[in-house]
Amino acid sequence: MSHTSNSDPKRELLRHTLATLAYRGGKALRGAPGGFAEFQAGHGTRTAGQILTHLGDLMDWAGSIAAGKQAWSDSKPLPWDKEAERFFAALKKFDDFLASAEPLQAPAERLFQGPIADALTHVGQIAILRRLAGAPVKGENYFKAEIEVGRVGAEQAKPKMEF
């Protein structure tokens, strides 16, 4: 995995958080049933596909803020698998920036409290929608999970302790 040569503990914590987001996000996204992208909890709520699209937008936004070129986009949803690829690509791009020597153009705490925390919330929403759709994600002791800085793609370690 890619570790930074700079030893900024705030950047490293952000990178670990992104790896955690990739691990938990991957678990919520993998194996979603056909048609799940259109599933929604009720009238007027986002579909699972719209939430996944928003996750990609959040990671693109976070990377743009970190680089000092803040830009928001409301993307149109792609098919589930393509949207998942976009989410992981945006995570990797953001993580690569954090791993670089380029200076952060925003406080790490603000990056966490805004787009990263929002993304963690939305991963939880997708997991809840999976349960409501009759395709629940197994629970897991995430403390024991093998989450590594720099591992931000769809390929993740196997769960250590599911229940």
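Start by selecting arginine 151, which lies in the segment after α4 (108–132); helices here are DSSP runs of H or I with at least four residues, strands are runs of E with at least two, and both are numbered from the N terminus. Residues are numbered from 1 along each chain as its sequence is written. The model is predicted, so local features need pLDDT of at least 70 and side-chain atom pairs count only at pLDDT 80 or more, while totals for chains, interfaces and linings use all residues, and side-chain values use heavy atoms, with hydrogens and water left out.

**Stop 1: the segment after α4**

Arginine 151 counts as buried because its relative accessibility is 14% (buried is under 20% relative accessible area, exposed over 50%, partly exposed in between, with a 1.4 Å probe and protein chains only).

With 14% relative accessibility, glutamine 156 counts as buried. A polar atom of its side chain lies 3.3 Å from the backbone oxygen of arginine 151. The cut-off for a polar contact is a pair of N or O atoms within 3.5 Å; within protein, one must be able to donate a hydrogen and the other to accept it, and residues adjacent in sequence count only if both atoms are side-chain atoms. Neighbours within four places in sequence aside, glutamine 156 is in contact (heavy atoms within 4.5 Å) with Ala19, Ala22, Tyr23 and Arg151.

Move to alanine 157, found in the segment after α4. Its relative accessibility is 15%, so alanine 157 counts as buried. With neighbours within four places in sequence set aside, its contacts are Tyr23, Glu146 and Arg151.

**Stop 2: helix α1**

Select residues 9–29. This is α1, with 21 residues, reaching 29 Å from its first C-alpha to its last, close to the 30 Å expected (1.5 Å times one less than the number of residues). Of the 21 residues of α1, 15 are buried. At its start, a side-chain oxygen of aspartate 8 comes within 2.9 Å of the backbone nitrogen of lysine 10. Just after α1, check glycine 31, where phi is positive at about 70 degrees.

**Stop 3**

α2 has 19 residues and spans 27 Å between its first and last C-alpha, close to the 27 Å expected. It is largely enclosed by the rest of the structure, since 16 of its 19 residues are buried. Glycine 68 follows α2 and has a positive phi, near 80 degrees.

Now show the largest nonpolar core, which has 35 residues; Met59, Phe87, Leu91, Phe94 and Ile126 touch the most other members. Two or more core residues come from each of α1, α2 (48–66), α3 (80–99) and α4. Such a core is a set of buried Ala, Val, Leu, Ile, Met, Phe, Trp, Tyr and Cys residues joined through side-chain atoms within 4.5 Å. Centre on phenylalanine 87: not counting residues up to four places away in sequence, it touches Leu21, Leu29, Leu52, Leu55, Gly56 and Met59.

**Stop 4: the largest pocket**

Finish with the 14 residues that line the largest pocket; Val123, Gly124, Ala127, Val137 and Tyr142 lie nearest its centre. The elements giving two or more residues to this lining are α1 and α4, and α4 gives the most, with six. A pocket is an open set of points on a 1 Å grid over the protein atoms alone, where a 1.4 Å probe fits, with protein on both sides within 12 Å along at least five of seven lines; lining residues have an atom within 4 Å of a point.
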